[in-house]
Amino acid sequence: KLLCGLLFPTSGRATVLGQTPSRREPDYLRRIALVMGQKSMLWWDIPAMETLLLHRDMYRLPDQEFRRTVAELSGMLEVGHLLGVPVRKLSLGERMKLELLAALVHRPAVLFLDEPTIGLDVISQQRVRDFLRDLNRASGTTILLTSHYMDDIQALCRRVLLIDHGRLQFDGSLAALAEAAAPHKILSAVFAEPPPAEALREATRDAVRRPTDDPRQVRLAVPRAEAADVAARLLQLGRVVDLSIEEVPVEEIIRVVFHAARQEEAQP
């Protein structure tokens, strides 16, 4: 909201596209768009096309350019057949696609998204993510996504910023965040039969056991550099029917970063 000019900063300074958002200059507002998963810009009782026509006049778009953009984006979103349907008759996933179309009809340079997949079923979530990825790749639109839904972050974001109480805690790639905040990986092995306890303790001496309900499964937090060696030792304990080495879940990494920030603030 601050970067869109809806809120004024209490301190500090922010610029987008070389401009100060809180000034709400017309030239700036024409170059951005905002989609909020919890709020709608579409009018409930009329078709989405009526809202698009309003945006055409509001942004003073040439009619030919407007028609071409609507045709292109509705094709990408697979909503061309829904443009004449009253919004109240659409599903949540259909409405979100049309929200994106309405936000993008004036070809903004920057698209702000606030929880765009909230409440959507898994198929609709994936379609929205695919569209945003294609939009960024094809049009070069800068997308700033705020979300507590980590699947969106993992699927879409090459660059991640963690902000805690107005302070930037991290700025970089998701892989770099994982390496910085979680110096270990999760190793999981499922044996055909439970391995001997003493041999298992010796093989996993450099790792931290994680709880599991299956006596045949071993889950470990293993230092990154030693994951391959630990896996090799487990393979010698018996027949392994499943083996995986994965990154720590993003949610856990976020908790680690925020917990460290809290501890740092608590220091005298």
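A residue is taken as buried when its relative accessible area is under 20%. In the predicted model described here, this criterion is applied to helix α4, which comprises residues 92-104. Of the 13 residues of α4, 10 are buried, so that by this definition the helix is mostly covered. The buried positions are Gly93, Met96, Lys97, Leu98, Glu99, Leu100, Leu101, Ala102, Ala103 and Leu104. The elements that cover these residues include strands β1 and β2, together with helices α2 (48-58), α3 (63-77) and α5 (122-139).

The strands are arranged in an open sheet of 3 members, in the order β1-β2-β3, with parallel pairing. The edges are formed by β1 (32-36) and β3 (142-146), each of which pairs on one side only. On average, neighbouring strands of the sheet are turned by 15° against each other, direction ignored. Helix α4 packs on this sheet and touches β1 and β2; the direction of α4 makes about 165° with that of β1. Between β2 (residues 110-114) and β3, the parallel pairing extends over 5 bridges. Within this pairing, leucine 113 has leucine 145 of β3 as its bridge partner.

Contacts involving aromatic rings were also examined. With ring centres required to lie within 6.5 Å, the count of aromatic pairs is 0.

Definitions and conventions. Residues are numbered from 1 along each chain as its sequence is written. This is a predicted model: local features need pLDDT of at least 70, side-chain atom pairs count only at pLDDT 80 or more; totals for chains, interfaces and linings use all residues. Side-chain values use heavy atoms; hydrogens and water are left out. Rings of Phe, Tyr and Trp (its six-membered ring) pair if their centres lie within 6.5 Å; planes under 30 degrees apart count as stacked, over 60 as edge-to-face and the rest as tilted. Two strands pair if DSSP finds at least two bridges between them. Helices (H or I, at least four residues) and strands (E, at least two) are DSSP runs, numbered from the N terminus. Axes are lines fitted to C-alpha atoms, for helices over the stretch in contact, and angles run from 0 to 180 degrees between N-to-C directions. Contact means heavy atoms within 4.5 Å. Buried means under 20% relative accessible area, exposed over 50%, partly exposed in between (1.4 Å probe, protein chains only).
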